[in-house]
Amino acid sequence: MRIAETPITAIRGGSHRATGDGVHLVARHYRRGVRLDTHMHREAQLVYAARGTMQVTTPKGRWLVPPDRAVWVPARLEHSIDVLADIDMRTLYFDLAWLSREARSASLDAEFVVRVSRLLQEAILALFDGRNNPGRTELLVRLAVLELHHAEDATTFIPLPQEPRCRRAADIVLRDPTAAHEIETLARQVGTSARTLSRLFSSETQLSFKSWCQRARIATAIEQLSMEANVSVKQLAADLGYASVPAFSHAFRQVTGKTPTEFAEAK
């Protein structure tokens, strides 16, 4: 495991500004296909892609993060980032002393994805607009953190079970989420009963097996829409096993809040 001892000063190829009060602002551009391997930071961080889509993986699970989401990553939490479409990343790093002074450390001790409100988006972007007014910067940082208290785990989250049999079944699905996986077949493959596997999915992921598989399929759709130009929604729906484009669009909207076409246009 790699701990980034000095992730701020070591950054090259981007812009970095320290507020002087325990918060660092870093802007970087990453090309599609880049992978930031599993690592952790001494600081907590709020990661936002002003443009593009990324996937963030932690021991808890993986999130697909389009531009209307941002990720909170606590200090010393192992995570990796896969860039699915060219991104303009805007990251706020917080020293633990800053979080402690702000009485925020207890409420921000676990990772989550927040749906980015218009207010949070404008606050983050304003921090990177080149205006280095200390008082303004302090207010914007506090506003951004305050907005995180409205966070909920997004439906783009795919929880990863920890129980060995359930995790093996989940990995089989994730290797080919477009297939029609039957729980009876999976149960035999991992050495348990369908009833037990169903119970494990519910207890480990808080989702039924069917709902978890649907999330995995939609995650695949998001990845393809992010990475490929001129994707045929009709063909994608068929590839994912949906009977019709309306059925696919309904499932996609339930997860992302947008239709596949709207998502592709906004990437």
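**Disulfides and two cysteines in the predicted model.** With a disulfide taken as a pair of cysteine sulfur atoms within 2.5 Å, the count comes to zero disulfides. A disulfide is a covalent bond between the sulfur atoms of two cysteines. Cys166 is buried, with a relative accessible area of 0%, and Cys213 is buried too, at 6%, where buried means under 20% relative accessible area, exposed over 50% and partly exposed in between (1.4 Å probe, protein chains only). This is a predicted model, in which local features need pLDDT of at least 70 and side-chain atom pairs count only at pLDDT 80 or more, while totals for chains, interfaces and linings use all residues. Residues are numbered from 1 along each chain as its sequence is written, and side-chain values use heavy atoms, leaving out hydrogens and water.

**Packing of helix 7 and helix 9.** Helix 7 (residues 209–227) packs against helix 9 (residues 245–256) at an angle of about 90 degrees, with their axes 10 Å apart; the axes are lines fitted to C-alpha atoms over the stretch in contact, and angles run from 0 to 180 degrees between N-to-C directions. Helix 7 is therefore roughly perpendicular to helix 9, a term that covers 65 to 115 degrees.

**Residues where helix 7 meets helix 9.** From helix 7, Gln214, Ile218, Ala221, Ile222 and Leu225 meet Phe248, Ala251, Phe252, Gln254, Val255 and Thr256 in helix 9, contact meaning heavy atoms within 4.5 Å. By class, this contact of helix 7 with helix 9 has eight nonpolar, three polar and no charged residues; Ala, Val, Leu, Ile, Met, Phe, Trp, Tyr, Cys and Pro count as nonpolar, Asp, Glu, Lys and Arg as charged, and the others, Gly among them, as polar.

Definitions and conventions. Helix = DSSP H or I, 4+ residues; strand = E, 2+ residues; numbered from the N terminus. Parallel < 35°, antiparallel > 145°, perpendicular 65-115°, else oblique.
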